[in-house]
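Q: I would like to learn how to read the features of a model like this one, step by step. Could we take each feature in general terms and then look at the case at hand?

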Amino acid sequence: MNEPRTLLAIDKVSKNFGRVTAVDGISLDIRENEFFALLGPSGCGKTTLLRMLAGFETPNHGRILLDGRDIARTPPNKRPVNLMFQSYALFPHMSVRANVSYGLEMERLPAKEIRFRVDAILATTELVAFADRKPEQLSGGQKQRVALARALVKRPRLLLLDEPLGALDKKLRGAMQLELKRLQHEVGITFVIVTHDQEESLVMADRMAVFRDGKLLQCDTPHAVYEYPADRFVADFIGVMNFVPGKVASDGVLAADGTRIVGTVPATLSPGAAAVASVRPERIRLFPSPETANRVAGTVEALAYQGLDLQLHVRTALSPKPFLVRVTADAADRRPVSSGDAVELGWDAADVRIFAD
Ligand SMILES: Nc1ncnc2c1ncn2[C@@H]1O[C@H](COP(=O)(O)OP(=O)(O)OP(=O)(O)O)[C@@H](O)[C@H]1O
């Protein structure tokens, strides 16, 4: 297989606003035709990084190489990069077609080419039937597609999307996540999306970067970030995780009550150091077999049906918070549990991740 080609190389980029370091020495490669997500809690610097890629901010340090050329100081309109705003910023008095063709008209392209490209992108974004409508006559999802069509018609090398689904309700958001991914695939343009929604990144991104306090914590595929988080913060931020605090032992973590959680200890942790053992809710089994490496007694505190899954809160002596356990409806039917029941939880050593506390 060919090595994917790097489109954008972010090289030791920093940005301060007065004494605030919004982006702190980030290095990151984004590949050609990739759907890449920048993710992190509010204030982590993801929007500032996106604005530097667009050209609305200039880094204090570092280089931003697009196709090998440093664009860090190139004005926004001179970059082959387009930014789609969360608010869509559509022209209210213009039709969908006029909104989409506007950018090409500014470029003074021949009318025939404009028509050809606008027709093609209206078809791709399934907007042909709405071409003559004004933005106010469209639904939220349709407006979102117009904003996308307007950005894509210019055929940028890179499309930046700032919380593109932020204005949509939950159900439409789900549908548009898949739609965006399909579109990206179809047009073959590299997308960089900013979101604070970790589920959204897991669904859409080919790779994702997790930030905190202006620093890059981890950059990998959604699967790798979910299964092998770089640290405790990432483990907690992405998905749901159960944590057992304790001290590092030779083959795992010793909890305060003396229970040993068996798992692989990272080489960076010394014996006796404060650590947490963690396990995802879906890796925990109710009523495990006696050979299961980790077993602990608990009491069911609460149950919640979530479609195909049943989510349990189980109180144990291992941690102050109840364990979250996800069992399939099937398993729950076979051996029903209710609030107040005594249960045993079990999980394999291979499903344990251990982090510095
Ligand atoms: N123009 C500015 N002047 C001063 N400080 C700024 C400016 N822009 C951003 N900051 C600060 O830089 C830090 C990073 O901000 P940024 O907007 O990049 O974060 P974010 O991760 O996108 O957050 P959110 O999800 O809330 O938009 C924050 O502490 C913010 O207050």
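Q: Which strand and which helix each supply at least two residues of the shell around the ligand?

A: Keep in mind throughout that this is a predicted model. A shell is read by asking which elements its residues belong to, and here strand S2 (20-31) and helix H1 (46-54) each supply at least two residues. Helix H1 gives the most, with 3 residues. Among the residues that surround the ligand are Phe-17, Val-20, Ala-22, Lys-46, Thr-47, Thr-48 and His-196.

Q: How do the residues of that shell divide into nonpolar, polar and charged?

A: The division is 4 nonpolar, 7 polar and 1 charged.

Q: Turning to the strands, why is S7 described as largely enclosed by the rest of the structure?

A: Burial is judged by counting neighbours, a residue being buried if 20 or more other C-beta atoms lie within 10 Å of its own. In strand S7 (residues 158-162), 5 of the 5 residues are buried, so the strand is largely enclosed by the rest of the structure.

Q: Which residues of S7 point one way, and which the other way?

A: In a regular strand the side chains alternate between the two faces of the sheet. In S7, Leu-158, Leu-160 and Asp-162 point one way while Leu-159 and Leu-161 point the other way, and all of these are buried.

Q: In what sense does S7 pair with S6, and over how many bridges?

A: The pairing of S6 and S7 is parallel, over 4 bridges, and within it Val-81 stands opposite Leu-158 of S7. S7 is also joined to strand S8 (residues 190-195) by 5 bridges, and these two strands run parallel, with Phe-191 in S8 as the bridge partner of Leu-159. Between S7 and S8 the chain passes through helix H5 (residues 170-187), in a β-α-β crossover that is right-handed.

Q: Is Leu-83 buried or exposed, and why?

A: Leu-83, which lies in strand S6 (residues 81-84), counts as buried because it has 21 C-beta neighbours inside 10 Å. When its neighbours within four places in sequence are left aside, Leu-83 is in contact with Ala-54, Leu-160 and Asp-162, and the latter two are among the buried residues of S7.

Key
Residues are numbered from 1 along each chain as its sequence is written. This is a predicted model: local features need pLDDT of at least 70, side-chain atom pairs count only at pLDDT 80 or more; totals for chains, interfaces and linings use all residues. A residue is buried if 20 or more other C-beta atoms lie within 10 Å of its own, exposed if 12 or fewer, and partly exposed in between; C-beta atoms are placed from the backbone. Two residues are in contact if their C-beta atoms, placed from the backbone, lie within 7 Å. A residue is near a molecule or strand if its C-beta atom, placed from the backbone, lies within 6 Å of it. Ala, Val, Leu, Ile, Met, Phe, Trp, Tyr, Cys and Pro count as nonpolar, Asp, Glu, Lys and Arg as charged, and the others, Gly among them, as polar. Two strands pair if DSSP finds at least two bridges between them. A crossover is right-handed if, with the strands pointing away from the viewer, the path from the first strand over the helix to the second runs clockwise.
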